Structure formats: C-alpha cells, structure tokens
Amino acid sequence: MDFQISTLPRDRFAHLFGLGDEALAESGARRYVADRKPGFPCRVTLQDAEPGERVILIPFQHQRDGSPFQASGPIFVREAAVDVAVPASTIPELLRSRLLSVRAYDGDDLMIDADVVDGPDVEGTIARLLADDRARYLHVHFARRGCFACRIDRA
C-alpha cells in the first residue's frame with residue numbers, strides 16, 4: 001500500500017529561531033547545540049542534526065484537543081532546517097535507525113491499533129495498519145523516548 005510521510009513545516013517554528021534563551025524559556029522551549037549524531041532528530045527534515053548544529057527543543061501538540069488521545073511532547077527542530085518533501089512510500093533513514101511506535105487513528109482521532117517495530121521493518125507495520133479501513137492516519141513515535149516523529153497517510 002502506498003503511503004505518504006509528512007514532515008512539519010519550518011514556518012511553524014521560524015519565529016523561535018531569532019529568540020534569545022530567556023525568551024525561548026518563556027515559551028517552554030530550549031536551544032541546544034547537537035553534540036552527537038544520532039541524538040537530535042529534526043521533525044522538519046526528518047534528519048539528525050550534525051554535531052555543532054543548533055537545534056531548538058519545542059513543546060509540540062501532535063494530537064488535537066478534544067480527543068481522549070490529545071497529546072503533546074517535545075520535538076527538535078534544526079535552526080538551519082529547510083522544508084523537505086518525503087517521496088511517497090519512502091522511509092527516511094532517521095526512522096530506519098530507531099525503534100518505533102506506530103499508532104493508527106480513525107476519523108474521530110481515536111487510536112484503533114498500535115505496534116512497536118524496529119525501523120528497518122516499519123513498512124510491513126505501516127501496510128498492516130493502513131489496511132484497516134477504519135485507519136485514517138498513523139502517528140510514528142520514537143519508542144524509547146516516546147517523542148512524536150511524523151504522521152503517515154495513505155498516498
């Protein structure tokens with residue numbers, strides 16, 4: 001089954017890049033300098049930041065209010081990120097290199113299924129979860145830290 005992975009748009013976070021550390025802290029964010037790779041996964045590019053690169057750790061609501069599954073959590077965004085379009089049915093290396101939690105949601109934003117899978121094997125889990133006619137979209141999280149990684153829809 002064809003699928004499309006969505007990244008987050010850089011413009012959504014651009015207002016934070018010029019802020020000082022104190023102003024970032026007021027909005028619940030924090031600036032870091034990546035000191036290892038992997039370790040600072042950017043949600044705009046779905047690539048790990050390079051050592052020495054500046055990133056911002058931002059609270060991000062990945063599941064809407066009004067759902068019992070409403071949720072938010074921290075995500076990294078590289079200050080030098082540029083928007084990317086992931087080709088249909090393609091898994092970025094960032095996802096292949098991690099243990100993932102893949103969660104299926106219906107049209108009412110209710111979780112209907114979920115699984116944990118090693119990144120190299122994620123296509124089978126995506127296909128199985130999207131084969132359920134009730135599944136409207138998937139959320140992928142990094143299983144060890146629990147952070148939101150990306151959304152997947154049918155292509």
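**View 1. Strand β5 (residues 99–105) runs antiparallel to β7, with six bridges between the two.** This is a predicted model, where local features need pLDDT of at least 70 and side-chain atom pairs count only at pLDDT 80 or more, while totals for chains, interfaces and linings use all residues. Residues are numbered from 1 along each chain as its sequence is written, and side-chain values use heavy atoms, with hydrogens and water left out. Strands here (E, at least two residues) and helices (H or I, at least four) are DSSP runs numbered from the N terminus, and two strands pair if DSSP finds at least two bridges between them. Look for R103 opposite H139 in β7, and for L100 opposite F142 in β7.

**View 2. β7 (residues 137–142) is largely enclosed by the rest of the structure, because six of its six residues are buried.** Buried means under 20% relative accessible area, exposed means over 50%, and partly exposed is in between (1.4 Å probe, protein chains only). Y137, H139 and H141 point one way from the strand, L138, V140 and F142 point the other way, and all are buried.

**View 3. β7 and β8 make a hairpin with five residues between them.** Strand β8 (residues 148–154) pairs with β7 in the antiparallel sense over four bridges. H141 stands opposite F148 in β8. In the turn, G146 has a positive phi of about 85 degrees.

**View 4. Zoom out and five strands form an open antiparallel sheet, in the order β1-β8-β7-β5-β6.** β1 and β6 (111–118) are the edge strands, each pairing on one side only. From one strand to the next, the twist averages 25 degrees. Helix α4 packs on the sheet, touching β1, β5, β6, β7 and β8, and its direction makes about 170 degrees with that of β6. Axes are lines fitted to C-alpha atoms, for helices over the stretch in contact, and angles run from 0 to 180 degrees between N-to-C directions.

**View 5. I5 and L95 touch the most other members of the largest nonpolar core, which has 23 residues.** α4 (122–130) is among the elements that each supply at least two residues, and the largest share, four residues, comes from α4. A nonpolar core is a set of buried Ala, Val, Leu, Ile, Met, Phe, Trp, Tyr and Cys residues joined through side-chain atoms within 4.5 Å. Not counting residues up to four places away in sequence, L95 touches I5, L100, G119, V140, F142, A149 and C150; contact means heavy atoms within 4.5 Å.

**View 6. Q63, in strand β3 (residues 54–63), is buried at 3% relative accessible area.** Leaving aside neighbours within four places in sequence, the contacts of Q63 include F69, Y105, Y137 and H139. F69 and Y105 also form an edge-to-face aromatic pair, 6.2 Å centre to centre with 75 degrees between the planes. Rings of Phe, Tyr and Trp (its six-membered ring) pair if their centres lie within 6.5 Å; planes under 30 degrees apart count as stacked, over 60 as edge-to-face and the rest as tilted. F69 is partly exposed at 32%, whereas Y105 is buried at 3%.
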